[in-house]
Amino acid sequence: MDSFSSPSMSSSGSQPSTEAVMEQIKTQLAQAYAQEFMETLGTKCFAKCVTKPGTSLTGSESSCISRCVERYIEATGIVSRALFSQR
């Protein structure tokens, strides 16, 4: 069984439709993008805001991370809208 087959489709012998495969690919890409986004966000904001890692965040570190996350999400939205409006 390859990565595009589901157990139910391979047991019946029928092939998945092109639309089903495309939807599965879109879902997998969206999940991969979300995971990469969260990892990048965490890495960049942590590196920027936490200068001395400890057992807990200080108030200023927590505020910095919140602002960083908000700005990063806002910037990503602006870039996404610009890219999709050009199509």
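User: Where is E61 found in this predicted model, and what makes E61 count as buried?

Analyst: In this predicted model, E61 is found in helix α3. The relative accessible area of E61 is 7%, and the word buried is kept for values under 20%, so E61 counts as buried.

User: Which residues is E61 in contact with, and what makes these contacts?

Analyst: Once the neighbours within four places in sequence are left aside, E61 is in contact with C49, V50, T51, K52 and S56. As for F46, the C-alpha atoms of E61 and F46 are 8.7 Å apart in space, while the two residues are 15 residues apart in sequence.

User: How do you know that C49 and C64 are joined by a disulfide?

Analyst: The distance from S to S in this pair is 2.1 Å, and a pair of cysteine sulfur atoms is called a disulfide when the two lie within 2.5 Å, so C49 and C64 meet the definition. The pair links distant parts of the chain, since C49 sits in helix α2 and C64 in helix α3, 15 residues apart.

User: Why is the disulfide of C49 and C64 called left-handed, and what makes C49 and C64 count as buried?

Analyst: The torsion about the S-S bond of C49 and C64 is about -70 degrees, so this disulfide is left-handed. As to burial, C49 has a relative accessibility of 7% and C64 one of 14%; the limit for buried is under 20%, and therefore C49 and C64 each count as buried.

User: How many disulfides does the structure hold, and what joins C45 to C68?

Analyst: The structure holds two disulfides. A disulfide joins C45 to C68, with 2.0 Å from S to S, and this value falls within the 2.5 Å that the definition asks for. C45 lies in helix α2 and C68 in helix α3, so the pair ties together parts that are 23 residues apart in sequence. Here the torsion about the S-S bond is about -85 degrees, so the disulfide of C45 and C68 is left-handed, and both C45 and C68 are buried. When the bonded cysteines are counted along the chain, the disulfides follow the pattern 1-4, 2-3.

User: Which residues make up the largest nonpolar core, and what makes it a core?

Analyst: The largest nonpolar core has eight residues, namely F37, L41, C45, C49, V50, C64, I65 and C68. Helices α2 (18-49) and α3 (59-85) each supply at least two residues of this core, and α2 gives the most, with four residues. In soluble globular proteins, nonpolar side chains tend to be buried together. One member, I65, touches C45, C49, V50 and L57, when residues up to four places away in sequence are not counted.

User: How do you know that E23 and K26 form a salt bridge?

Analyst: The side chains of E23 and K26 meet at 3.8 Å, taken from N to O, and a salt bridge requires a side-chain nitrogen of Lys or Arg within 4 Å of a carboxyl oxygen of Asp or Glu, so the pair qualifies. The two residues are three apart in helix α2, which means that about one helical turn separates E23 and K26. A search of the whole structure finds one salt bridge.

User: Why is E23 called partly exposed?

Analyst: E23 has a relative accessible area of 46%; because buried means under 20% and exposed means over 50%, a value in between makes E23 partly exposed.

User: What makes V79 part of a nonpolar patch on the surface?

Analyst: V79, which lies in helix α3, is partly exposed, with a relative accessible area of 48%, and residues of a patch need over 30%, so V79 passes this cut-off. Together V79, L83 and F84 form the patch, with about 320 Å² of accessible area.

User: Which pattern does the secondary structure follow along the chain?

Analyst: The chain has three helices and zero strands, and the pattern read along the sequence is α-α-α. Of the 87 residues in the chain, buried residues make up 13%.

Notes. Residues numbered from 1 in each chain as written. Predicted model: local features only at pLDDT ≥ 70, side-chain atom pairs only at ≥ 80, totals over all residues. Heavy atoms only, no water. Core = buried A, V, L, I, M, F, W, Y, C linked by side-chain atoms within 4.5 Å. Buried < 20%, exposed > 50% of the residue type's maximum accessible area, 1.4 Å probe, protein only. Contact = heavy atoms within 4.5 Å. Patch = residues over 30% accessible without salt bridge, like charges linked within 9 Å, V, L, I, M, F, W, Y side chains within 5 Å. Areas by Shrake-Rupley, 256 points an atom, 1.4 Å probe, with all protein chains shown as cover.
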